[in-house]
Amino acid sequence: MEHHERALAAYVDSVRAAPGTVAVIAVGSVARGTERADSDVDVYLVVDDAAFESALAGNRLSWVERRDADYPGGYVDVKLASPGVLAAAAEAGDDPMRASFEGARVAFQRGGDLSAVLESIVTLPDEGWELRVCAHVAQARIHGGYFLPQAAAHDDAFLLQHAATHLALASARAAFAERRTLLRGPKYVAATLARLDLPPGFLERWRALVERPGVEEGALLLAALDDWLGPAIGPDETLSTFIRDNELAWLHGTLPPEYR
């Protein structure tokens with residue numbers, strides 16, 4: 001929309017000459033073309049690596065610029081990045097980081113071309129997606145097949161909620177990976193799952209568990225997941241995969257699957 005483009009242009013004008021500025025990348029709904037009239041303008045301000053390290057040390061990584069938006073309630077939501085951060089995101093970024101660059105467009109850049117690294121951030125090889133399917137199926141099996149029944153057996157209300165939530169998330173993430181879809185964040189899980197091509201009944205069982213956390217609902221969802229994606233990882237590998245990805249994540253300097 002025209003007022004979003006004016007706000008973006010005004011922001012670019014305010015930072016293009018600043019020391020350390022490398023680029024401004026438009027992201028979010030404005031970049032994807034799904035904005036509403038009152039949407040904010042999301043950008044990554046890319047600065048050189050030295051400026052980013054200084055901002056990191058000063059805990060100045062994100063802020064809101066209201067003076068550049070010329071529509072009621074509008075603002076520019078700024079996140080800081082650097083060429084080094086973009087390269088690292090392409091190599092090992094988690095889903096929300098990668099998803100934040102879907103539809104991204106460069107509004108301004110000083111020298112070089114960022115298009116290749118932006119494309120690589122949002123593009124995973126098939127092997128990467130297949131590994132994610134296995135990891136999330138293992139998560140679902142342990143949370144749904146062990147922790148959820150344990151919660152019921154010991155009348156542990158916290159464990160019940162914890163296991164059901166993790167089963168729901170792992171099942172959704174496995175579906176996302178199978179359909180080559182990035183997780184934008186918890187806020188978008190239900191809506192993203194609803195728009196995917198899923199086996200009959202899968203979405204209904206997922207919603208039933210979310211609405212009524214319990215052993216029966218968990219078993220039905222887990223059965224649907226195993227019928228669909230179970231062959232990706234054998235039963236004997238499930239526990240070892242879960243331990244590697246959770247209990248030993250610290251050893252490898254990785255994050256548990258739900259945070260990737």
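## Aromatic pairs

Rings of Phe, Tyr and Trp (its six-membered ring) are taken to pair if their centres lie within 6.5 Å; planes under 30 degrees apart are classed as stacked, over 60 as edge-to-face and the rest as tilted. Across the whole structure, a search returns four aromatic pairs. One of them joins Y146 and F147 in an edge-to-face arrangement, with 5.1 Å centre to centre and 70 degrees between the planes.

The model is predicted: local features need pLDDT of at least 70, side-chain atom pairs count only at pLDDT 80 or more, and totals for chains, interfaces and linings use all residues. Residues are numbered from 1 along each chain as its sequence is written, and side-chain values use heavy atoms, with hydrogens and water left out.

Accessibility is classed by relative accessible area: buried is under 20%, exposed over 50%, and partly exposed in between (1.4 Å probe, protein chains only). Y146 is partly exposed at 45%, as is F147 at 26%, whereas F242 is buried at 8%.

## Charges over rings

A charge sits over a ring if NZ of Lys or CZ of Arg is within 6 Å of the ring centre and within 35 degrees of the ring normal. R60 lies over the face of W63, 4.1 Å from the ring centre. R132 is placed over the face of W129, at 5.5 Å from the ring centre.
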